[in-house]
Amino acid sequence: MMSDVKLVEFPKILDARGNLSFIENGDHVPFKIRRVYWIYDVPGGVHRGAHAYRENQELVVALSGSFDVVVDDGKEQKSFHLNRSYYGLYLPKYTWRVMENFSTNSLALVLSSTDYDTDDYIFDYEQFKKEVMQ
Ligand code: TYD
């Protein structure tokens, strides 16, 4: 549901030597972190992640640079511009998401609640709508 999609602010330790943020299991993420992956060297103009998961929940962080995450719960669409490393976007299961407008040298960190499982993906938007309406 769209109201469950939310921006999470991580702790920020400001320091003249450079800032530091952190994420702890259970505290700043509304699920137990099972897997971490990152997306980098993204060429201009491409989009990624046009799909939803049936079980997997994710938290997306723009560790460097910026990009947009367009989310869709089957009823409404919303776009989030991520450009700070101390914010994460929480995506519950059954959230259709497209990542786009990656800036040069952007780095997307993704925390996941499940192991990688291709059967958990919904790649077809009509199929997503069908399942999410049930
Ligand atoms: P995919 O999730 O489709 O990426 P995107 O949504 O950004 O387009 O994954 C791309 C490829 O990487 C696909 O072949 C599966 C593989 N992959 C893994 O092997 N393990 C993982 O944890 C992830 C996220 C992807």
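1. Start with asparagine 101, which is exposed, with a relative accessible area of 51%. Buried or exposed was a close call here, because exposed means over 50%. Asparagine 101 sits in the loop between strand 10 (96-100) and strand 11 (107-112). Its phi is near 55 degrees, a positive value in a residue other than glycine. Keep in mind as you read on that this is a predicted model.

2. Aspartate 41 is another one to look at: its phi is positive, about 55 degrees, and it is not a glycine either. You'll find aspartate 41 in the loop between strand 4 and strand 5. Aspartate 41 is exposed, with a relative accessible area of 67%.

3. Now to the ligand. Which residues are around the ligand? They are Arg35, Tyr37, Ile39, Arg48, Gly49, His51, Tyr116 and Tyr121. By type, the shell divides into four nonpolar, two polar and two charged residues.

4. In the side chain of histidine 51, an N or O atom is 2.6 Å from a ligand oxygen. With glycine 49 the backbone takes part: one of its N or O atoms lies 3.2 Å from an oxygen atom of the ligand. As for cover, the ligand taken alone exposes 520 Å², and the protein buries 58% of that. Strand 4 (35-39) and strand 5 (48-53) are the elements that give two or more residues to the shell around the ligand.

5. On to charged pairs. Side chains of opposite charge can pair when their charged atoms come close. How many salt bridges are there? The count comes to five. One of them joins the side chains of arginine 17 and aspartate 15, at 2.7 Å from N to O. Arginine 17 counts as exposed at 76% relative accessibility, while aspartate 15 is partly exposed, with a relative accessible area of 28%.

6. Another pair to find is arginine 34 with aspartate 115, a salt bridge whose closest N and O atoms are 2.7 Å apart. Arginine 34 lies in the loop between strand 3 (20-21) and strand 4, and aspartate 115 in the loop between strand 11 and strand 12 (121-122), so this pair ties together parts that are 81 residues apart in sequence. Arginine 34 is exposed, with a relative accessible area of 54%. Aspartate 115 is partly exposed, at 40%.

7. Glutamate 55 and lysine 93 also meet through their side chains, in a salt bridge of 3.7 Å from N to O. The glutamate is in the loop between strand 5 and strand 6 (58-64) and the lysine in the loop between strand 9 (87-91) and strand 10, so the pair links parts that are 38 residues apart in sequence. Glutamate 55 counts as partly exposed at 46% relative accessibility, and lysine 93 counts as partly exposed at 38%.

8. Asparagine 56 lies in the loop between strand 5 and strand 6. At 0% relative accessibility, asparagine 56 counts as buried.

9. Serine 112 belongs to strand 11. Is serine 112 buried or exposed? It is buried, with a relative accessible area of 0%. The side chain of serine 112 makes a polar contact of 2.9 Å with the side chain of glutamate 58.

10. Ile13, Leu20 and Phe22 make a nonpolar surface patch of about 260 Å². Isoleucine 13 is in strand 2 (residues 12-13). Isoleucine 13 counts as partly exposed, at 42% relative accessibility.

Key: Residues are numbered from 1 along each chain as its sequence is written. This is a predicted model: local features need pLDDT of at least 70, side-chain atom pairs count only at pLDDT 80 or more; totals for chains, interfaces and linings use all residues. Side-chain values use heavy atoms; hydrogens and water are left out. A residue is near a molecule or strand if one of its heavy atoms lies within 4 Å of it. A polar contact is a pair of N or O atoms within 3.5 Å; within protein, one must be able to donate a hydrogen and the other to accept it, and residues adjacent in sequence count only if both atoms are side-chain atoms. Accessible areas come from the Shrake-Rupley method with a 1.4 Å probe; for residues, only the protein chains shown count as cover. Helices (H or I, at least four residues) and strands (E, at least two) are DSSP runs, numbered from the N terminus. Ala, Val, Leu, Ile, Met, Phe, Trp, Tyr, Cys and Pro count as nonpolar, Asp, Glu, Lys and Arg as charged, and the others, Gly among them, as polar. Buried means under 20% relative accessible area, exposed over 50%, partly exposed in between (1.4 Å probe, protein chains only). Patches are made of residues with over 30% relative accessible area and no salt bridge: like charges are joined within 9 Å, nonpolar side chains (Val, Leu, Ile, Met, Phe, Trp, Tyr) within 5 Å. A salt bridge is a side-chain nitrogen of Lys or Arg within 4 Å of a carboxyl oxygen of Asp or Glu.
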